[in-house]
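Here is a walk through one protein model and its ligand. Keep the coordinates open as you read.

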Amino acid sequence: MKLLFFGTKGYDKTYLIPYMEDEKYAGIHVKFIEAELTPNTAMLAKGYDSVCAFVNMDVGTRTVELLHECGVQMILMRCAGYNNVDLDTAKKLGIRVAHVPGYSPESVAEHAMALALTANRHLHKAYIKVRENNYSLSGLLGVSMYGRTAGIVGTGRIGAAMARICRGFGMRVIAYDRYPNKSLDFAEYVELDELLSGSDLISLHCPLTPETHHMINIDTIGRMKDGVILVNTSRGGLIKTDDLVRGIRENKFFAVGLDVYEEEDGSVYEDMSDEILQHSTVARLLSFPNVIVTSHQGFFTEEAMQAISETTMENALAFEKGEKGPNELF
Ligand code: NAI
């Protein structure tokens, strides 16, 4: 079975190569390429049975159609989210799609809390200040998480892990999800409105769907407490960025931590430090002292990379054996 691995970074190879050298996966022949999977590069898959793509790639209608023309029968997403894949077209064309669910929910949740703490206690500023021999505390005042209310939107694997972390900080945890997670017996499920108005920390962990697109907008921001901390490690499209910028300007937020944001697609995972920034949104967000942005790295731990590599190879193996794997999406 021939597998073309798009968008390869050094760390992908580090974690995948040991599996490829394992006898168990001997029937899977992987070629790594650096190009991202997009409509412009999809034809590179000619002669391959399957392709492997990531969260930042364009696996929309045109890409899927081109992959089909190339004879590709399986798309292996090496990530949990798959909102960037046109599943309907894939299904129609008989291309199977698998993903890696829940590879290390704690890794993402820990990053969510790291963002909340960093933005709240201004660690990003403190780091620079001390390096500059500036030991003054001005601009570094934070709030204590202890005794405050955390509102978790979406309590699947990652949201549940975040809820447990918040509980460990001595926070009251409230949550919103259409399907309450029974394991979170310490959390109180409320309607979204109540979560928005009652939370000191709001952390987003639901998937991006037509329903959740721009769920954080000027209206929902208006219903939040003044001085709220907002964290998004899920998908950029959950937040209408222009409205967020307006809310920040109106001093609604004590702090904002974003691992994902609209417009991230062209630059995420690339070193563009020598280039003139073409996106205005990120620049605007970065101009605020109480906002911290990271580059979709919530998943990026040794544990997660290990689990992603293993599950991706298992998904490929099931396909090679002609079986339907447990992580196929339809
Ligand atoms: P999951 O499928 O275990 O949980 C998602 C939860 O959201 C479910 O409980 C579901 O019922 C709930 N949900 C769906 N629609 C909702 C709505 N309209 N309102 C409230 N809740 C709703 O997914 P998991 O593994 O927890 O991942 C969550 C998201 O995190 C993924 O969709 C992905 O976008 C993002 N993610 C981000 C990563 C990063 O590196 N920053 C890494 C992995 C995932």
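Start with two strands. Strand β9 (residues 201-204) and strand β10 (residues 228-232) run parallel and are joined by four bridges. Within this pairing, I202 has L230 of β10 as its bridge partner. Strands here are DSSP runs of E with at least two residues, helices are runs of H or I with at least four residues, and both are numbered from the N terminus. Two strands pair if DSSP finds at least two bridges between them.

A word on the source. The model is predicted, so local features need pLDDT of at least 70 and side-chain atom pairs count only at pLDDT 80 or more, while totals for chains, interfaces and linings use all residues. Residues are numbered from 1 along each chain as its sequence is written, and side-chain values use heavy atoms, with hydrogens and water left out.

Now widen the view to the sheet. It is open and has seven strands, in the order β8-β7-β6-β9-β10-β11-β12, with parallel pairing. β8 (188-189) and β12 (291-293) are at the edges; each has a single partner strand, so one side of each is left without a neighbour in the sheet.

H214, in the loop between β9 and α8 (218-222), is not glycine, but its phi is positive, near 60°. N251 lies in the loop between α9 (241-249) and β11 (253-258). Its phi is near 65°, again a positive value in a residue other than glycine.

Turn to the ligand. Around it are 23 residues, and R157, I158, D177, T233 and D259 come nearest; a residue counts as near if one of its heavy atoms lies within 4 Å. The shell divides into eight nonpolar, nine polar and six charged residues. In this scheme Ala, Val, Leu, Ile, Met, Phe, Trp, Tyr, Cys and Pro are nonpolar, Asp, Glu, Lys and Arg are charged, and the others, Gly among them, are polar.

Which backbone atoms approach the ligand? A polar backbone atom of T233 is 2.9 Å from a ligand nitrogen atom. A backbone N or O atom of S234 lies 3.3 Å from a ligand oxygen atom. For F299, a backbone N or O atom is 3.0 Å from an oxygen atom of the ligand. Taken alone, the ligand exposes 870 Å², and the protein buries 87% of that (Shrake-Rupley method, 1.4 Å probe).

Key. A polar contact is a pair of N or O atoms within 3.5 Å; within protein, one must be able to donate a hydrogen and the other to accept it, and residues adjacent in sequence count only if both atoms are side-chain atoms.
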